[in-house]
Amino acid sequence: MAVALKAGAKLKSAVCDTQLMVVKAPAGEYDIRCGGLEMLAGTATAPEGAQLDPAQAEGTLIGKRYVDAEEKVELLCTKGGKGSVVLNGVAMSIKQAKQLPSSD
Amino acid sequence: MNIATILDMAAEAFGDRIAVVSGSTRMTYAELRAAAQRAAGAIRASKASYVALLDVNTPAAPVAIFAAAYAGVPYVPLNYRLTKAEINELVERVAPAYLVSSGDYRALLEPRADIQVVDRADFLNLPESLAEGVPEPGDDPRAVAVQLFTSGTTGKPKAAILRHENLMSYIVGTVEFAAAEEDDAIVVTVPPYHIAGISSALSSTYACRRMVQLDGFDARSWLEACRSENVSNAFLVPTMLSRIVDHLSEQGEGARLPALRSIAYGGGKMPLSAIQRAMSLFPQVDFTNAYGLTETSSTVAVLGPDDHRAAAASEDPLVRKRLSSVGKATGAVEIAIRDEDGKPLAANQPGLVFVRGGQVSGEYLSLGSALDADGWFSTRDRGYLDDEGFLFLEGRADDVIVRGGENISPGEIEDVLLSHPAVADAAVVAVPDEQWGEGVGAAVVLKENAKASVAELQELVKQRLRSSRVPQAIVFRDALPYNELGKVLRRVIRQEFAEAQPTASA
């Protein structure tokens, strides 16, 4: 089931500890999965017997930003887990951290 | 979305790292989260609709920011330098509240049934049991995270509100998670009721950086704290940096701050001469100028270390000039210049500074949003963008001198006056003028034992700028009036000129 990704929305993995926050995403419907299963929005709970797909277990790292190839969709990992993050069938990659001048 | 996530992430990834140092107190990120969760339990039980803080900077400030977020109520730090009557008026506006205070500040509070006052020491040592059963923090991005009373010069203070989405947008847009090295530390000298105090606590937590708190500012204790805690980063308002530079030159003391890598400054105009002196005194330090407002969740433009060095080293006067700019818009916002009618202006055309972006709240309690239909916020600052997008500020729109229809910015005249070797401080304001409507007045403080005549200063401005910029009235003062954060109180100086006889045009 495709979902809209609203900036600020939280997504939880159905099969691992991964949590993501939407930083930005153009309007539209997305298929967002972690560990092989659709991620859960809001108060949704994991389906009975949901299990991590071993082929989708690259893992996520806290604090990293996951982006699509064009960097139009950006998701911040607020909690790391075992699953891989896949958007519309394509694995998302970690965005290169920018050196931001420290202003405070 | 909730700013509590910032602390959750830091505690999860670097729970053992020291979060905050205050005197002999040291608290790790895990301890900071535990304290905030205990406090959240106490806040929920109190049924308060605000968490207020009336205190200097101590670990209670970051604990209160995050405790309010976990409990789902706004955090409202109060200015402890206000009068007793003013403080109690603000307290009334946030009732029912859970209010953290201590000592002399606590004594200023009139008892009220709808205010639960908690002593700072008790607040930091609440029983473990309070953390049990505290539900997950709320997820509504539109919920109010912080409310700040602005120091309105007229009328009642306005309550600016910053929502979780504004502050989160600022942090995610300007900081990388865990960007700090293990040994990094920032010394914090801005009071907790200032937007920079809040953004600093959030940024440092997200960067997993140690915060070293001082409960006030003087150059000596700042230097001591930097040395004893191996401080790597500092944020200062311009007067603080000037006082540190003065202190070191008076004592003939070397900086001796080998760990210090970065100084960020903001919160007011930095005189060109002061930043030049600071750069030569701390050649190894990266300087960053940050410009922002309460209503924009802090920083919206940054003049970074490379910009500082490029400007200082350049032969090109237009590039050199950038040392007195506030840099370019951060990646998280857009900046535009418009005229009084709202029409966009081209590069190098001065007008009003507008800002747009997720971190811009531009919103006041019960007054609503000050954003236009397209989300732009008028800062009420005047300025222009140069060809490469560097923002030059000319002062508050209300401070601009309108002389016979010509807009004159006080800042450029002040910079010229300050370049005179005898001048220690200068403020330029509008003075009443019969012919031109407004004219240029200057209050000047001379250095000890130094001399300069009115005519000499007028000639200097005439040569560097042009005759319309020449102050027609110059008064000498022992000191200029400043607020506690080093902002010069132009309205007080304007008042003094206004009360004197209208001056004839030069």
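A polar contact is taken here as a pair of N or O atoms within 3.5 Å; within protein, one atom must be able to donate a hydrogen and the other to accept it, and residues adjacent in sequence count only if both atoms are side-chain atoms. In this predicted model, local features need pLDDT of at least 70 and side-chain atom pairs count only at pLDDT 80 or more, while totals for chains, interfaces and linings use all residues. Residues are numbered from 1 along each chain as its sequence is written, chains are lettered from A in the order in which they are written, and side-chain values use heavy atoms, with hydrogens and water left out.

Across the interface of chain A and chain B, three residue pairs are in polar contact, both residues being at pLDDT 80 or more. On the chain A side, strand 2 (10-12), strand 3 (19-24) and strand 9 (74-79) each supply at least two of the residues that touch chain B (strands being DSSP runs of E, at least two residues, numbered from the N terminus). Strand 9 of chain A gives the largest share, four residues. Two salt bridges also cross between chain A and chain B, a salt bridge being a side-chain nitrogen of Lys or Arg within 4 Å of a carboxyl oxygen of Asp or Glu. One of them links Arg65(A) with Glu176(B), whose closest N and O atoms lie 3.2 Å apart.

Turning to the sheet, six strands of chain A form an open, antiparallel arrangement in the order 7-2-3-9-8-12, where pairing requires at least two DSSP bridges between two strands. Strand 3 and strand 9 of chain A are joined by five bridges, and Leu20(A) stands opposite Cys77(A) in strand 9.
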